[in-house]
Amino acid sequence: MAILRRYAAEIAVTVAVIAGSVVVSLGDDAETPRNAAVGWTCVALACASLFLRRRYPLPVAIFTAVCCAVYYPQTDPDGFVLLAFAFALYNNASTGRIRSAAVVAAASMGGVAIGELGAGAARQVDNFAFLLMAGWFIALVAVGAVTYYRREAERTKEAEAQRRATEERLRIARELHDVLGHNLALINVQAGAALHGKDPAKSEEALTTIKQTSKEALRELRATLGMLRQADTPSLARVAELAESAGAHGLTVRTEIDGTATELPPDVEHAAFRVVQEALTNVARHAAANTVVVRIGYTPHDVSVQIDDDGRGGAAVPGNGIRGMTERAEALGGELTAAAREDGGFRVRARLPLRVKK
């Protein structure tokens with residue numbers, strides 16, 4: 001059954017060609033058909049070649065044209081071999097080989113015209129039939145071309161849908177990483193302090209901070225899930241909350257504003273906030289820093305965020321954090337750099353244009 005479904009079109013055309021040729025042959029008045037063996041051989045070869053049309057569309061179209069060129073002048077009565085050529089011609093155009101299909105169709109009509117001119121008074125195709133055949137071939141190429149472009153449009157649409165789905169999954173992954181990673185990293189630091197600390201008062205303070213941070217993590221998670229449902233979006237106005245949260249874990253965070261703060265596009269403001277959040281998370285986890293400076297710069301064309309710390313510096317720690325920040329910036333047509341500073345510490349700087357580059 002699978003084979004029948006796969007080759008349904010080829011089988012249908014073959015049956016039509018053979019049945020039509022038999023009917024025409026039985027209805028012919030001639031007692032002995034001329035070169036009958038040659039004619040049926042051409043019918044069999046043309047129909048058999050159709051089963052190779054998917055792999056060799058252009059050779060099959062040319063081969064069926066040759067079969068027609070041998071069949072019609074050499075035998076009678078006129079059978080339906082032309083139907084096999086028409087199907088092969090359409091198939092060639094529908095696979096995107098539109099120019100070659102047009103060339104084969106034109107060459108076939110040219111061959112018919114030359115053959116009829118050479119036949120003189122014994123012409124087998126009158127002017128009306130010739131024009132009808134030419135129009136038929138043109139229509140086959142045109143319909144094949146339309147089929148190809150429609151199929152390509154559907155493929156493009158599916159590919160675009162898959163690309164958007166992939167981008168959406170990456171966006172959700174970045175959101176969850178930023179929200180959970182930031183707070184869980186701070187909880188981990190405080191849990192270590194509480195576990196290994198010898199001062200009960202400091203251990204109690206660390207546990208209190210863990211409780212507050214976990215509460216903040218839950219709030220952030222709810223806000224993120226709401227944002228994924230097109231609800232509220234984190235903004236730079238909440239950078240002070242990030243600074244306060246980091247300060248509760250022993251970091252001194254100073255925020256500086258360059259330029260006049262303006263209302264930003266939601267996606268730009270969201271990305272800027274997440275860059276600051278992830279950078280502060282990395283400082284708390286890896287930098288062993290005491291002080292962090294967050295600078296937010298506004299211009300008419302872009303907004304920039306720069307996070308400097310006085311920690312150990314060195315090469316960036318491999319992981320999803322910097323990669324996620326970079327993806328956010330590049331998705332908006334911006335750029336992000338993360339490297340050690342010459343005077344010690346580490347710097348993360350992102351520039352985000354206010355208009356997304358297409």
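Axes are lines fitted to C-alpha atoms, for helices over the stretch in contact, and angles run from 0 to 180 degrees between N-to-C directions. The model is predicted, with local features requiring pLDDT of at least 70 and side-chain atom pairs pLDDT 80 or more, whereas totals for chains, interfaces and linings use all residues. Residues are numbered from 1 along each chain as its sequence is written, and side-chain values use heavy atoms, without hydrogens and water.

Helix α3 (residues 36-49) packs with helix α4 (residues 57-74) at an angle of about 170°, the axes lying 9 Å apart; helices (H or I, at least four residues) and strands (E, at least two) are DSSP runs numbered from the N terminus. The two helices α3 and α4 are therefore roughly antiparallel (over 145 degrees). In contact (heavy atoms within 4.5 Å), residues of α3 including V38, C42 and L45 meet residues of α4, among them F63, C67 and Y71.

An open sheet of 5 strands has mixed pairing and the order β1-β2-β3-β5-β4, where two strands pair if DSSP finds at least two bridges between them. Strands β1 (252-258) and β4 (335-340) form the edges, each pairing on one side only. From one strand to the next, the twist averages 10°. Strands β3 (residues 302-309) and β5 (residues 346-353) pair in the antiparallel sense over 8 bridges, and Q306 has R349 in β5 as its bridge partner. Helix α10 (residues 266-287) packs on the sheet, touching β2 (291-298), β3, β4 and β5, and its direction makes about 5° with that of β3. Helix α11 (residues 320-331) also packs on the sheet, touching β4 and β5, with its direction at about 150° to that of β4.

How values were computed. Parallel < 35°, antiparallel > 145°, perpendicular 65-115°, else oblique.
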